[in-house]
Amino acid sequence: MTPQGYVALVLHAHLPFVRHPEHEEFLEEDWLYEAITETYIPLVWMMEGLVRDGVDFRLTMSMTPPLCSMLLDPLLQERYIRHISRLIELTERELERTKWDGGLNALAHFYHHRFHDARRTFCDGYGRNLVGAFRKFQELGKLEIITCGATHGFLPLMQDHPESIRAQILAARDHYWECFGCAPRGIWLPECAYIPEIESYLQEAELRWFIMDTHGIMFGHPAPRYGVYAPVFTPRGLAAFARDTESSRQVWSAEVGYPGDADYRDFYKDIGFDLDFDYIKPYIHPDGIRCFTGIKYHRITGKSPYKEVYNRHVAWEKTAVHAGNFMFNRERQIEHLRGVMERPPLVLAPYDAELFGHWWFEGPEFLDFFIRKSVYDQKVYRLTTPSEYLRAQPTQQLSQPCTSSWGSKGYWEVWLEDSNAWIYPHLHAAATRMTELARTYERATGLTERAVKQAARELLLAQSSDWAFIMKTGTTVPYAVKRTKDHILRFTRLYEQIKAGQIDEAWLAGVEWRDNIFPHVNPAYYR
């Protein structure tokens, strides 16, 4: 039966490159370990179950080069095993501490088994290689993995240095090849930030489509006849897909969306902050900094400080209810759209992957229920990927999308304002110098070649949009400031040593050891 329309779920899996071999333990590395346990492994479990049960699903994920680099790094893999083993030890203590409280003890057992399963999946199931796990589902034809900017750089703010835009895109394309053994067909533009000048480099990388924010297409010229419910072809021939705000709001918003339901697990009530310091000290940062452990015993309950004990079974049942509601809403939405469109509509529902599992603990189960219900409980729409949709609907309207991003007011304000504007003169000066190095030392060999490549890595890492974003949102600002300054200073020192012909090999080796992303980086992209 031909569906009336299509739904494309897109998960954006990204973390900034945080790797500190110079420290035995580093607090911000926990971002990766938490995401592995709470998001990436649960998504693998979900897809394993769907494949095992013969569910013909479709899902799209962007996996950024910094995330893939960290997932493939032996040092971080070893540290993750240490991290999850320490949590298993903590749950063993929790089993004893909570033995006289039936509700808490049941949850302690739940976490104990869950952490064991996570370690087993990571070590035994996939040999520490979660990139290979997701690649498996792509090769089965169920998951489409797309790319992003090399370090999630905010591309429009590089428009005066187009070589940097080119390097961000082509380095990401190359890294995708190394991880997945094929070329990417689509790209999640970093921060969904678009300017038309980006497209020539997307074409050079042989990318066929990109994802942007809603108003980027809605204010395109000419105006899109079908709104965001069909892609448009740009004058250069690339397909642009935009976010559907209705489906996004239902899932993303903690205020009016599903994640804020009172029965779901409360993110902030964690024993790392709540229990006696001497008891929890061996399981937090060695400097005594309290941090999340992932062991949380309470449900959202309400806005009151008092929180009731989390009921795992009730929360699980609620995900089924919400998945059914989400399916029903997509059915009605697509039936309405099909009545006013001359072609099958596409509802593109993109989300940050870390919403599912990390921020919204029950999120992977919601996805599992929704996918299964979509396949078996309705006939209005079919799950698809953007590439699959384009193959089925190769003719689309021609329109020039407008400059835009997903940020506040739809432009650059999040990444360029009082808290972070100071970084850009330094980034622009480094970009100019990197192009100079790439052209001047085109045929460099030996130590000079190594130094030029490391300069490219330092610039790419400094350009990560995550640092400006953190400075704006005020979370770990000193760390974001330090990372930006460190990469710019290392780049500047490399530049000066290369120009002087006096490269400090011991210091260079230390920088290569620390910032080891993109081992095959190609400085020629900056020419």
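Arg128 is partly exposed, with a relative accessible area of 28%. The model is a predicted one. Arg128 sits in the loop that joins helix H4 (102-125) to H5. Its phi is near 70°, which is a positive value in a residue that is not glycine.

Phe518 also has a positive phi without being a glycine, here about 55°. Phe518 lies in the segment after H19. With a relative accessibility of 4%, Phe518 counts as buried, because buried means under 20% relative accessible area.

A further backbone feature is a cis peptide bond, which runs from His221 to Pro222 with omega near -5°. Pro222 belongs to the loop between helix H8 (214-218) and strand E6 (232-233).

**Two packed helices**

Two packed helices are described by the angle between their axes and the distance between the axes. For helix H1 (residues 30-52) and helix H5 (residues 130-139), the axes come within 11 Å and cross at roughly 30°. Angles under 35 degrees count as roughly parallel, and H1 and H5 are therefore roughly parallel to each other. Their crossing is left-handed. On the H1 side the contact is made by Ile36, Tyr40, Ile41, Leu43, Val44, Met47, Glu48 and Val51. On the H5 side the contributors are Leu130, Ala133, Phe134, Lys136 and Phe137. Sorted by class, the contact of H1 with H5 holds 11 nonpolar and two charged residues, and no polar ones.

Just after H6, Gly181 takes a positive phi of about 70°.

H16 has buried residues too, among them Ala451, Val452, Gln454, Arg457, Glu458 and Leu461. What covers the buried residues of H16? The cover includes H6, together with helix H15 (423-440), helix H17 (465-473), helix H18 (477-500) and helix H19 (505-514).

His322 is part of helix H12 (residues 312-340). Is His322 buried or exposed? His322 is buried, with a relative accessible area of 11%. Setting aside neighbours within four places in sequence, His322 is in contact with Tyr258, Asp261, Tyr264 and Phe366.

Arg93 is in helix H3 (residues 74-97). At 34% relative accessibility, Arg93 counts as partly exposed. Not counting residues up to four places away in sequence, Arg93 touches Tyr279, Pro282 and Tyr283. The C-alpha atoms of Arg93 and Ala108 are 9.2 Å apart in space, while the two residues are 15 residues apart in sequence.

Note on methods. Residues are numbered from 1 along each chain as its sequence is written. This is a predicted model: local features need pLDDT of at least 70, side-chain atom pairs count only at pLDDT 80 or more; totals for chains, interfaces and linings use all residues. Side-chain values use heavy atoms; hydrogens and water are left out. Axes are lines fitted to C-alpha atoms, for helices over the stretch in contact, and angles run from 0 to 180 degrees between N-to-C directions. Helices (H or I, at least four residues) and strands (E, at least two) are DSSP runs, numbered from the N terminus. Angles under 35 degrees count as roughly parallel, over 145 as roughly antiparallel, 65 to 115 as roughly perpendicular and the rest as oblique. A crossing is left-handed if the near helix is turned anticlockwise from the far one by less than a right angle, and right-handed if clockwise. Contact means heavy atoms within 4.5 Å. Ala, Val, Leu, Ile, Met, Phe, Trp, Tyr, Cys and Pro count as nonpolar, Asp, Glu, Lys and Arg as charged, and the others, Gly among them, as polar. Buried means under 20% relative accessible area, exposed over 50%, partly exposed in between (1.4 Å probe, protein chains only).
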